[in-house]
Each structure stands twice: as C-alpha cells, then as structure tokens.
Amino acid sequence: MAQVRARAPGKIILSGEHAVVHGSTAIAAAIDLHTHVSFRLDPSLPPGDEESAVDLELKDMALKFSWPSSKLREVLDDAVADPSNPASCSLERIKSISALVEEPIIPEAMIWLSSGVSAFLHLYTSIHGYKRGKVVVTSDLPLGSGLGSSSSFCVSLAGALLSLTDAVSFDKSQTGWFKLTKAELELVNKWAFEGEKIIHGKPSGIDNTISTFGSMIQFKSGELIQIKSSAPLRMLITNTKVGRNTKVLVAGVSGRSSRHLVAMSSVFTAVDCISKELLTILESPAADDISVTAREEKIEELLEMNQGLLQCMGVSHSSIETVLQTTLKYKLTSKLTGAGGGGCVLTLLPTCILLILPIISFSSLFVIGNLISCLLFIVKFT
Ligand SMILES: Nc1ncnc2c1ncn2[C@@H]1O[C@H](COP(=O)(O)OP(=O)(O)O)[C@@H](O)[C@H]1O
Ligand SMILES: C[C@@](O)(CCOP(=O)(O)O)CC(=O)O
Ligand SMILES: [Mg+2]
C-alpha cells in the first residue's frame, strides 16, 4: 500500500479573463489557499476482485462515492491506463462517466459537483485504471467563485495520482514534501488541463498553469512566462457569494463573440493591450513614494478599463457592481476576477491607504463586508 498527499493553490486573474480564451494575454497570480488531496493506492487486490473499488471522499461536502472496479471496467471498457500520455475525454467516454456519476446520487442541491466528480473519474481511471484506491479531497477555496477551485482540484488530483506512478521519479519511501521536476510539473499540468476541459468546456489553460507553477504568470495561447512584480501589490478579495458556473459564462462570451465577431475581437484586442501595459508597469521598478503612487494609479486605471470590457462581454453582475460602487466611495478601484457573473471581486489597496488602514479602513472594510455578506481577505504578492 502507498499513500501520498498533494496540494495546489487557487489564483486571482489580474487582467484578461475570458479574453484569454480567445487568444489575448492575461496575468494571473497564485494565492495562499489550496485544494488538498490525499491518495492511498492499494493494488494488492486484483482489479476484477469483488472487494476492489475506487473511492472518493469530498470531505467538505460530507460526500462519499465508491465505484466497484468491476463496474468501472464494465462501463468504461478495458482501456489501458497510461500516466505519461494525457488523454482527452472523448464524447462517448464522458457519457459513460456521467452515467457512473449519476448512480451514486449527488444530492440535487449539489448537482454542480458532478463535473468535478466526472473529472476525477477520468483522471483516476486514465492514470491508474481500475486499481483499488481512495482519494480524499478538502479545499480552503470557495467553490465556483472565480478563485480557481476547479483547477486547483484538477492539479492537486493529477499531482497525487501521478506521484504513485513511474511517471514521477522521487523516492516514494521518503516522507515530507517533494517538489516535482519541471518535466513532471508539465505532465501534471497537461492532465489537469484534461480535467478542466470536463469542468469548463473550453478552458484557456491559464488556471491549471498558474496552479501548477505558482508565482505570477503572463499567459497567452497556451504559453506561460513567469513574471516578477518589482514591488508588492496588495489586493482585497471580496466574495459576493453569488454562485455561478464558469462553463456557462465562458459559453456566453463565445456566443456573443460569434454574433458580433468584429466588435468582440476589438474588445479582446483591447484586453490584450491592457494586460501588456499592466505587465510593463508591474515589472518596472518604482524609485520613490511618488513613483509608487503613480504606478498604483496606472494599475488602477487599467483594472477599471478591464472591468469595463468585462461588462461589455456580459459577465458582470449586480452583486459585482455593488462591490465596485461601495469600494469607489473609499476611492478604491475594483474589478471582477475569474469568470464573473457573481463570485469574487479584486480591490487594489494602494500603499497610501495601507498606512492609514489601521485607523480608519478596517471598520470601513468591515462595513463593506457586512453590506454584501462577503468573505474578505487580503492577499499580498510580488
Ligand atoms: N474540492 C472539490 N471537489 C469536487 N469538485 C470540485 C472541487 N473544487 C472544484 N470542483 C469542481 O469545480 C467546479 C467549480 O469550478 P468553476 O465553476 O470553474 O469555478 P472556480 O474554478 O472559479 O471555483 C465545481 O462545481 C466542481 O464541479
Ligand atoms: C473565464 C476564464 O478566463 C477564467 C475562469 O476562472 P474561474 O473558473 O472562474 O476561477 C476561463 C479560462 O481562462 O479558462
Ligand atoms: Mg474554474
């Protein structure tokens, strides 16, 4: 029997969400909230054995699933598991997996979880076949809120599953945390992308990439470049707690884009320019307090412009607008992050306000928090 634990972070998108699906540049940063996966593999029982099963426990939701290996073999066929070859889930296979997911009966109120459970079954059976094993998942992230819970779920899952195969080479008898090599991380990222496709429909790949490689990245057409901000940026993340689904929102933007091809491609080009300008500002050093303020004002303006274009794409929401208006009263600039339609909003906390924050702003932020019944926390990244 072998056991591993893996974790992968959530993210914020500073600029370029949605447009990145259509080839524009986007900028994302990892945040210190993770999905945690523990995986125990027990191949001692032959996969055809009555006792053999694949178990999944979603601890936060108090949900447990168990699929007998014989049932998986019957429904999904005898396809050979191949960890080193990230396989897309065919239409036929996704139909079979959906039938398996319906059977353990996810409570109606949690039916939105079914795409995550389907992604689990695809990754597990493609990497380990029908070997007996148990996966337990917990997450610090709010699910379906724009902070990339789906990608951190897929990345931590792919990382844990691959760690107990020959595709990942560290000494499995050792204890403690291991870092995967670049090639191994790339393999994790490719598998996670296959999982994201099941959850998102048409992901750009930015979320699984930032969750796999961490730090801050520029991302365009599947290519990432690691970036380093020359000075820290502090963001307030407000969760409107309005639920939404990334797949539906991404499809909505694609629909609008096919109806208004020329207008929408101009919107995507404008977002590309905003991300590139933001990148230049993030990387250019600020020499003194005046240039710090000037830098932050430019960033604020770009965030505001990006938010306007996201409204144009049809992915804002009245709850997001409430946060925008509320923070504006305190001269703070906000934009949605992730797919929008509710979910989380970013607010830049300029250095000058941070100096007086202990005196006046904590009470103000508390008011904002209560006003829209939200979860607030501050992230700092460089
Ligand atoms: N811990 C988890 N366990 C099971 N499924 C998860 C988990 N985290 C995310 N998911 C899947 O991802 C979906 C949310 O993804 P999405 O709509 O992309 O929002 P976001 O990625 O911004 O949180 C959930 O509905 C679920 O299917
Ligand atoms: C809207 C999008 O740009 C980001 C979605 O992020 P999230 O699932 O809302 O955390 C989609 C994508 O890039 O795949
Ligand atoms: Mg997602």
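This is a predicted model: local features need pLDDT of at least 70, side-chain atom pairs count only at pLDDT 80 or more; totals for chains, interfaces and linings use all residues.
Let me start with two helices: the axes of helix α3, residues 114-128, and helix α5, residues 182-200, come within 8 Å and cross at roughly 145°, where axes are lines fitted to C-alpha atoms, for helices over the stretch in contact, and angles run from 0 to 180 degrees between N-to-C directions. Helices here are DSSP runs of H or I with at least four residues, strands are runs of E with at least two, and both are numbered from the N terminus.

Residues are numbered from 1 along each chain as its sequence is written, and chains are lettered from A and ligands numbered from 1 in the order in which they are written.

Coming back to the helix pair, Ser115, Gly116, Ser118, Ala119, His122 and Leu123 of α3 meet Trp191, Glu194, Gly195, Ile198 and Ile199 of α5, contact meaning that C-beta atoms, placed from the backbone, lie within 7 Å. By class, this contact has five nonpolar, five polar and one charged residues, with Ala, Val, Leu, Ile, Met, Phe, Trp, Tyr, Cys and Pro counted as nonpolar, Asp, Glu, Lys and Arg as charged, and the others, Gly among them, as polar.

Now the domains. The assignment, which is automatic or from a database, gives domain 1 as 2-225 and domain 2 as 229-381, and 31 residues of domain 1 are in contact with 37 residues of domain 2. On the domain 1 side, β1 (2-15), β2 (26-41), α5 and β6 (216-220) each supply at least two residues.

What lies between the domains? In the largest nonpolar core, which has 50 residues, Ile12, Ala26, Ala28 and Met235 touch the most other members; both domains give residues to this core, so it lies between them. Such a core is a set of buried Ala, Val, Leu, Ile, Met, Phe, Trp, Tyr and Cys residues joined through C-beta atoms within 7 Å, and buried means 20 or more other C-beta atoms within 10 Å of a residue's own, again placed from the backbone, against 12 or fewer for exposed and in between for partly exposed.

Beyond its neighbours within four places in sequence, Ala28 is in contact with residues including Ile206 and Ile210, both of which are among the buried residues of α6. Helix α6, residues 206-213, has seven of its eight residues buried, and these pack against β1, β2, α4 (149-163), α5, β6 and β7 (223-227).

Technical notes: Two residues are in contact if their C-beta atoms, placed from the backbone, lie within 7 Å.
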